[in-house]
Structures are given as structure tokens and as C-alpha cells.
Amino acid sequence: MRLWLGLALLGLLAAGVVAAPLVQLRFDQDPFLPDLLSRFAPPSYTHPLGTDDLGRDILLRLLHGGRVSLSVGLAVALGAGGLGTAIGLLAAWAGGWVDAVLMRVADGLLALPSLPLLVVLAAVDTGRIGLPRGEALSDILRIATILVGFGWVPVARLARAAALAQFGRDYIAAARIAGASEARLLVRHVLPNIAAPIAVACALSVAGAILAESTLSFLGLGIQPPTPSWGNMLSGAQEMVFNAPLAAIWPGLAILLAVTACTLVADGVRHRLR
Amino acid sequence: MLRLLIGRLLQIAVTLLLVSALTWLVMGAMPGDPVDLAMMSDPHLTPEDAMRMRALHGADQPLLQRYLAWATAVLQGDFGHSRLFAVPAAQVLWPALGSTLVLLGWSLALSALLGLLLGALGATQPRAAPAVDALAILAQSTPTFWLGILLIILFAVELGWLPAGGTAEASGLGDAARYLLLPVTTLAIVNLAAYARHSMAALQAELGADYIRTARMKGLPESVILWRHAFPNAAIPVVTLFALDAGSLVSGALVTETIFARPGMGKLIYDAIMGNDYNLALLALLLAALVTMLATLAADIAQRLLDPRIAT
């Protein structure tokens with residue numbers, strides 16, 4: 001029930017985001033071009049959700065912003081899922097001091113207040129360390145990389161715990177006796193058996209990443225305008241609350257829906273596993 | 001217990017050292033150091049002046065050497081000057097910490113209390129459980145900054161009951177409470193979700209246990225069974241949650257303080273980073289990390305005191 005509701009919501013959002021160019025064609029507008037004559041226009045036939053402080057269509061910007069926000073979420077899930085699984089497996093397999101060091105690092109990262117550190121990391125001038133700056137794609141990659149730096153921790157802890165439980169099973173011993181190499185053992189035997197809890201952790205990390213990206217963008221450190229993201233659409237909203245309170249509602253609602261959908265999917269999968 | 005304490009304090013010290021070194025490195029890569037800013041604001045300065053300024057402040061030294069000099073000074077109690085506020089950094093730091101602790105304390109108390117009540121409701125009334133669950137998922141998925149803006153729109157703009165931000169100028173208690181109400185509510189609602197979900201799950205598990213059946217058989221009233229028998233046992237995971245969650249509380253404070261313009265640690269860190277106030281940013285960051293880790297440690301110890309089964 002939860003799972004299907006979550007998947008349906010996600011599907012809806014994904015469809016909207018994919019269809020963004022079509023919607024743009026239908027309304028014949030450019031969501032990046034300011035139109036100062038129609039600032040804060042109320043919802044109408046040409047602007048279903050009205051316009052923002054620069055006269056750009058809010059619905060189109062929401063759809064385009066969704067592309068950014070969802071791709072950050074997906075990128076973080078892939079990165080954190082991959083890195084976390086690798087680290088968790090390594091810790092469980094190697095044991096001893098490798099395990100101890102990796103888990104202490106994870107503990108340390110978990111105990112730190114993440115947002116202040118994210119703010120520091122996001123404020124780095126990528127131009128100074130030889131990376132391109134200011135383009136939409138490099139912004140997405142920059143934010144995703146930073147979020148993966150914190151996001152691998154829960155995945156790694158889960159993967160380690162699940163893998164440790166598997167290593168005690170007889171089939172592992174049987175595979176070893178049959179002469180399977182350690183790499184084959186990990187990839188072909190342990191990994192498929194711990195995939196489900198890892199999937200739950202990844203779904204949760206998508207939710208966390210969308211929230212974190214929107215927070216950073218809201219603070220002006222994430223995705224830079226004119227590229228819209230759900231977070232940076234709200235960064236001007238505080239000054240607009242007197243002119244156009246409705247403009248502050250939609251982007252937040254989109255974030256809420258996306259994060260709820262991911263949480264529902266994670267919850268649903270977890271219930272199925274029980 | 002003593003061994004645990006010493007081990008954890010050592011871990012905290014090492015973490016702080018690593019964080020300070022890492023932040024030092026990262027800040028070197030942030031745009032605009034103070035000399036750059038001085039150059040930009042005064043057209044009469046020549047590149048030679050910039051060189052001289054850099055040499056005067058030791059900014060031409062290698063990164064490692066500068067870090068060591070800074071760390072030595074801090075360990076000797078010299079926290080340096082704040083560029084943004086033009087006073088010693090410690091002088092801005094302590095009032096900000098106080099402001100944040102007030103905000104965190106109230107919102108933590110509120111979210112724990114409401115969360116526990118919602119959890120108890122869901123655990124005792126099975127029909128209410130899905131509603132509590134749904135509410136918790138929604139609250140957890142709400143971006144803090146958006147919730148803050150919504151509350152401002154509703155209570156400050158539309159209804160005009162409460163101030164949209166800032167702090168009270170007079171030191172009256174009622175006035176301070178008016179300014180605290182919206183930020184505390186924002187932070188409490190976001191954090192409430194986890195407490196409600198965890199206490200509901202824990203209470204549900206406890207209420208099915210054998211000792212509860214025994215208590216019912218003795219004829220104890222339901223309220224005594226719930227609060228005197230089941231609740232103390234269900235409280236342990238809630239304390240654990242606090243231990244795991246102290247960091248996210250501080251993170252939430254950064255957003256809340258920025259939106260409501262409260263001069264706390266979170267806003268201080270944000271302003272200091274945006275204003276290239278390296279001394280202040282580093283110190284505030286380290287202090288926030290230290291407070292978070294100490295809170296985590298305190299919750300860990302409380303958990304061990306509550307539950308003797310956890311080996312010390």
C-alpha cells in the first residue's frame with residue numbers, strides 16, 4: 001500500500017519532469033527569460049501557477065527545477081549507495097583494524113552537525129581547485145559529491161551489519177570449500193543477499209539528498225540561478241511573502257511530495273521484508 | 001564506564017582536530033581572502049601593498065605552518081579576532097551559543113513531549129496508528145525552511161499575531177516568548193516526527209510483552225500500565241534517538257535561525273562563512289561540533305544508566 005502510493009507519487013513527479021519541454025511548448029514560454037511586465041501575476045490560463053518576482057512562469061520553473069532536484073537525489077543515491085556498500089562490505093569482510101577505523105570514521109561523521117559542514121563545503125570556490133564553476137551540470141555534480149561525502153555513512157553501517165550476518169551462514173563456508181575466490185564470494189554470494197536493506201537505505205538517501213540540496217540552494221550555496229531548483233526558487237520567497245505568498249507555497253510542496261514519496265517507498269520495502 | 005568516558009572524550013578530541021584541519025584546508029579554497037577584499041575596496045592599494053599585508057599577517061606562509069600557528073594560539077586561549085564584528089571572536093561566540101541553546105532546549109522539549117504523546121496515542125488506539133504514522137512521515141519530509149516561511153506567512157503576514165523574526169529588544173519575558181514561538185514551533189514540528197515514530201514502535205512492542213499482561217491481570221488501570229510500566233522501558237530507544245539526532249538538531253537550528261534572523265550559532269556560522277570571517281567561522285563550527293558530540297555522549301551515558309543490560 002505504502003510502496004504503491006510512494007511509487008505512484010514518484011511516477012507522477014518523474015512524468016512531470018520528463019514532460020517539461022512539452023509543457024513549455026504548450027504554453028509557449030521560456031522559464032529562464034525574465035518578463036518584468038508580468039511580475040507576480042496571479043494564476044491564469046497562460047500561467048497556471050502565476051509568475052515569480054522576475055515574471056517567469058512558476059509551473060515551468062517547478063518542472064525544470066524538478067529535473068535538477070531529482071537528478072541530485074538520484075546521483076547521491078547511486079554514489080552513496082555504491083560507496084557505502086563497498087565500505088560496509090570491506091569493513092565486514094576485513095574485520096580487525098580496517099573495520100575499526102572505517103566504523104570510527106562513520107561514527108565521527110554521524111556525530112557531527114552535518115549542515116554547518118555542508119555549508120562550508122558548498123561555499124568552496126570550485127574555480128580555485130581547477131573545476132568549472134557556475135554551469136548547471138557542474139553545480140549538480142558539486143552538490144551531489146558533497147552530499148555523498150556524508151550520505152555513505154548510513155548505507156555503510158547497514159551494509160556492514162547485513163554482511164556480518166551473512167558471513168556466519170553455512171553457504172559462505174560451502175562456497176569457500178568449493179574454492180570460490182573471495183571477490184566472487186562477496187559479489188556473487190553476499191551482495192545479492194544484502195541488496196534489499198541496501199535498497200531501503202538508498203531510497204532514504206534520495207529523500208535526504210533532495211532535502212539537503214533544497215536547503216543548500218535555499219541558502220544560496222547550492223544550484224545557482226538562473227538554473228531553477230526547488231530550493232533556490234524559495235530563496236527569494238522570504239522577501240516575496242508580502243507580495244505573492246502563493247509563490248512560496250509551490251516549490252516547498254514539490255519538495256514535500258518528492259521526499260514523502262521516497263520515504264513511503266523505503267518504508268514499504270522495509271515492511272515487505274519483514 | 002570510566003573507560004568508555006575516556007575513550008569517547010579521546011575520540012571527540014581527534015574528531016575536532018580532524019575537522020579543524022579539514023575546514024582550514026577547505027576555507028583556503030573559498031573565494032576572497034581578507035587581503036583580496038581590501039584590494040577590491042580601495043583602488044589606491046597596489047599589488048606590492050597586498051604582498052606586504054600578506055607578509056605582515058603571515059598569510060604568505062605555507063598552509064600547514066599557518067594551521068599550526070592558529071591551533072597553538074587557540075589552545076593557549078587566544079581565539080583571534082572576528083573580521084565581521086571587529087571584536088574578539090569569543091565575545092560574539094558565547095551569546096550566540098546561549099541563544100541557540102535556548103532555541104534548541106525549548107524545541108527539543110516540545111518535540112519530545114508531543115512526539116511521546118502522539119506515540120502513546122498511536123500505540124494505545126490501534127485505529128489512530130496509521131494517522132500518527134502519516135503525520136510523522138509528512139512532518140519528516142517537510143523542509144525546515146519552507147515550514148518556517150509558511151508559519152511566517154500565516155502568523156506574521158496574514159494574521160499579524162507574531163513577529164516575523166529577530167529578537168526582543170526589551171528584556172521582558174513575554175516579549176522574548178513572542179519572538180521565540182515561531183522558531184521553536186518550526187524546529188519542533190520537524191523533529192517531532194522521529195520521536196512519534198520511535199516511541200510508537202517502542203510502546204507497541206512493550207505493550208505486547210508478558211509483564212504487561214501480568215499487570216492487566218492484577219487489575220491495574222490502563223493509565224498506570226501505560227505510563228508506569230510500559231513507558232520507562234519504551235523510553236530507552238527514545239533516548240537513543242536523541243543521541244543519534246543531536247547533530248540534525250543543530251543543523252535545523254542553522255536554517256531556523258537564518259530564516260527568523262535569530263543571532264545564534266547557526267546564523268553565526270552561515271554569516272561568518274559568507275562574510276569570509278575565517279576565525280569566527282572555524283571557532284563557531286568547532287564549538288557546534290563539540291556541543292553536538294558532548295550531547296551525544298551525555299545521551300549515551302543516560303542510556304546506559306537507564307538500561308543496565310547494556311554492558312559498560
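Predicted model: local features only at pLDDT ≥ 70, side-chain atom pairs only at ≥ 80, totals over all residues.
Domain bounds, as I use them here, come from an automatic or database domain assignment.

**Entry 1**

I started with chain B, where the assignment gives domain 1 as 2–89 and domain 2 as 95–306. How far apart do the C-alpha centres of domain 1 and domain 2 of chain B lie? I got 34 Å. Then I looked at where the two domains touch: domain 1 of chain B puts in 19 residues, and domain 2 of chain B puts in 16 residues.

Which elements supply two or more residues to the domain 1 side of that contact? They are α1 (2–28) and α2 (34–41) of chain B. The largest share, eight residues, is from α1(B). By class, I noted nine nonpolar, seven polar and three charged residues on this side of domain 1.

**Entry 2: chain B as a whole**

Next I went through the secondary structure. For contacts in chain B between residues at least 6 apart in sequence, 71% join residues at least 24 apart.

**Entry 3: where chain A meets chain B**

How many residues of each chain are in contact with the other? I found 36 residues of chain A touching 36 residues of chain B. On the chain A side, the elements giving two or more residues include α4 (96–111), α5 (114–122) and α8 (182–218). Also on that list are α9 (237–240) and α10 (249–273) of chain A. α10(A) gives the largest share, seven residues. The side of chain A that touches chain B divides into 25 nonpolar, eight polar and three charged residues.

**Entry 4: two helix pairs around α11(B)**

I picked out helix α11 of chain B (residues 265–274) and looked at two partners. With helix α5 of chain B (residues 89–124), α11(B) packs at an angle of about 135°, their axes 7 Å apart. Angles over 145 degrees would count as roughly antiparallel and 65 to 115 as roughly perpendicular, so α5(B) and α11(B) are oblique to each other. The residues that meet are V92(B), A96(B), L97(B) and T100(B) from α5(B), and M265(B), G266(B) and L268(B) from α11(B). By class, this contact has five nonpolar, two polar and no charged residues.

The other partner comes from chain A. Helices α5(A) and α11(B) pack at about 5°, with their axes 10 Å apart. Under 35 degrees counts as roughly parallel, so that is what α5(A) and α11(B) are to each other. Here P116(A), V119(A) and V120(A) meet I269(B), Y270(B) and I273(B).

**Entry 5: the core**

Last, I looked up the largest nonpolar core, which has 154 residues. Which residues have the most contacts inside this core? They are V76(A), V119(A), I269(B) and A284(B). The core draws at least three residues from each of domain 1 and domain 2 of chain B.

Leaving out residues up to four places away in sequence, I269(B) touches P116(A) and V119(A) in chain A. Its listed neighbours in chain B are L254(B), A281(B), A284(B), L285(B) and A288(B). So V119(A) turns up again, as one of the α5(A) residues that meet α11(B).

Conventions. Residues numbered from 1 in each chain as written. Chains lettered and ligands numbered in written order. Contact = placed C-beta atoms within 7 Å. Helix = DSSP H or I, 4+ residues; strand = E, 2+ residues; numbered from the N terminus. Nonpolar A, V, L, I, M, F, W, Y, C, P; charged D, E, K, R; others polar. Core = buried A, V, L, I, M, F, W, Y, C linked by C-beta atoms within 7 Å. Buried ≥ 20, exposed ≤ 12 C-beta atoms within 10 Å, placed from the backbone. Axes fitted to C-alpha atoms, helices over the stretch in contact; angles between N-to-C directions.
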